[in-house]
Amino acid sequence: DPNARFNETDPKMMSFNYAEQAPSSKLFRDMTKNVFEALAEKPMAGHFHKFGVSMKMYELSKDFQDLFVVLTTNHDARDMEFISTMEGRHYPFYALQWHPEKVHFIDKLVAAKDLKQPVEAFAMNKYMSHFLLQEACKNNNSFLSETEKAKVFV
């Protein structure tokens, strides 16, 4: 079932299964080799979700394949493969089914109290934060007025 709920990925630290396109992707191509390799070897990507996109669903949708490139996958406790990272083919869209930002406070989460982070996780966090911020800064959109902005940020 391509729409099934994932099992036992909440919370869990996982390593990545890289897709062939990952090393040359916009998201990963400038990541240092040791951090890139550590993401495949060490469980340092925090997964805190039960829902997502299965590879089967992706493979069944030509439209989805035309929009996104799969960069990483993972498997849940029942061995269902799901997409953990993907990026837009033609637009600066990135989808992460994991939390690079949780590295700095994972020991404080009650649900994740036994999850420890390897040293490379902090370098990954810094890289991802910088990359996503740089992508966001490319957006030239703005509010038409301070009144419009105030409606959003109540």
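The structure is a predicted model, in which local features need pLDDT of at least 70 and side-chain atom pairs count only at pLDDT 80 or more, while totals for chains, interfaces and linings use all residues. Residues are numbered from 1 along each chain as its sequence is written, and side-chain values use heavy atoms, with hydrogens and water left out.

The secondary structure comprises 5 helices and 6 strands; here helices (H or I, at least four residues) and strands (E, at least two) are DSSP runs numbered from the N terminus. Along the sequence these elements follow the pattern β-β-α-β-α-α-β-β-β-α-α. Of the 154 residues in the chain, 40% are buried, where buried means under 20% relative accessible area, exposed means over 50%, and partly exposed lies in between (1.4 Å probe, protein chains only). The accessible surface of the chain amounts to about 9600 Å², and 54% of this belongs to carbon and sulfur atoms; areas were computed by the Shrake-Rupley method with a 1.4 Å probe, and for residues only the protein chains shown count as cover. Among contacts (heavy atoms within 4.5 Å) with a separation of 6 or more, 66% join residues 24 or more positions apart.

We turn next to the sheet. An open, antiparallel sheet is built from 4 strands in the order S2-S4-S5-S6, with two strands taken as paired if DSSP finds at least two bridges between them. S2 and S6 stand at the edges with a single partner strand each, so one side of each has no neighbour in the sheet. Strand S4 (residues 68–75) is joined to S2 by 2 bridges in the antiparallel sense, and Tyr18 has Thr72 as its bridge partner in S4. On pairing with S5, S4 forms 7 antiparallel bridges, and Met86 of S5 is the bridge partner of Val70. The hairpin of S4 and S5 has 5 residues between the strands, and in this hairpin Asp79 takes a positive phi near 75 degrees. S4 is mostly covered, with 7 of its 8 residues buried. In strand S5 (residues 81–88) lies Phe82, which is buried at 2% relative accessibility. The C-alpha atoms of Phe82 and Met55 are 5.3 Å apart in space, although the two residues are 27 apart in sequence.

A pair of aromatic rings is described by the distance of the centres and the angle of the planes. Rings of Phe, Tyr and Trp (its six-membered ring) were paired if their centres lie within 6.5 Å; planes under 30 degrees apart count as stacked, over 60 as edge-to-face and the rest as tilted. The whole structure holds 11 such aromatic pairs. In one of these, the ring centres of Tyr18 and Phe36 lie 4.0 Å apart with their planes at 15 degrees, so the pair is stacked. Because Tyr18 belongs to strand S2 (residues 17–18) and Phe36 to helix H1 (residues 33–41), the pair ties together parts that are 18 residues apart in sequence. Tyr18 is partly exposed at 23% relative accessible area, whereas Phe36 is buried at 15%. The rings of Tyr94 and Phe131 are edge-to-face, because their centres are 5.3 Å apart and their planes stand at 85 degrees. This pair links distant parts of the chain, with Tyr94 in strand S6 (residues 94–96) and Phe131 in helix H4 (residues 119–137), 37 residues apart. Tyr94 is buried at 18% relative accessible area, and Phe131 is buried at 12%. One aromatic cluster is formed by Phe16, Tyr18, Phe28, Phe36 and Trp98.

Helix H4 also holds Glu135, which is buried at 16% relative accessible area. Leaving aside residues up to four places away in sequence, Glu135 touches Pro92 and Tyr94. Leu132, another residue found in helix H4, is partly exposed at 32% relative accessibility. Between Leu132 and Tyr94 the C-alpha distance is 8.7 Å, with 38 residues separating them in sequence.

Finally, the surface carries a nonpolar patch of Phe143, Val152 and Phe153, which together have about 320 Å² of accessible area. Patches are made of residues with over 30% relative accessible area and no salt bridge, like charges being joined within 9 Å and nonpolar side chains (Val, Leu, Ile, Met, Phe, Trp, Tyr) within 5 Å; a salt bridge is a side-chain nitrogen of Lys or Arg within 4 Å of a carboxyl oxygen of Asp or Glu. Phe153 sits in the segment after helix H5 (146–152) and is exposed at 58% relative accessibility.
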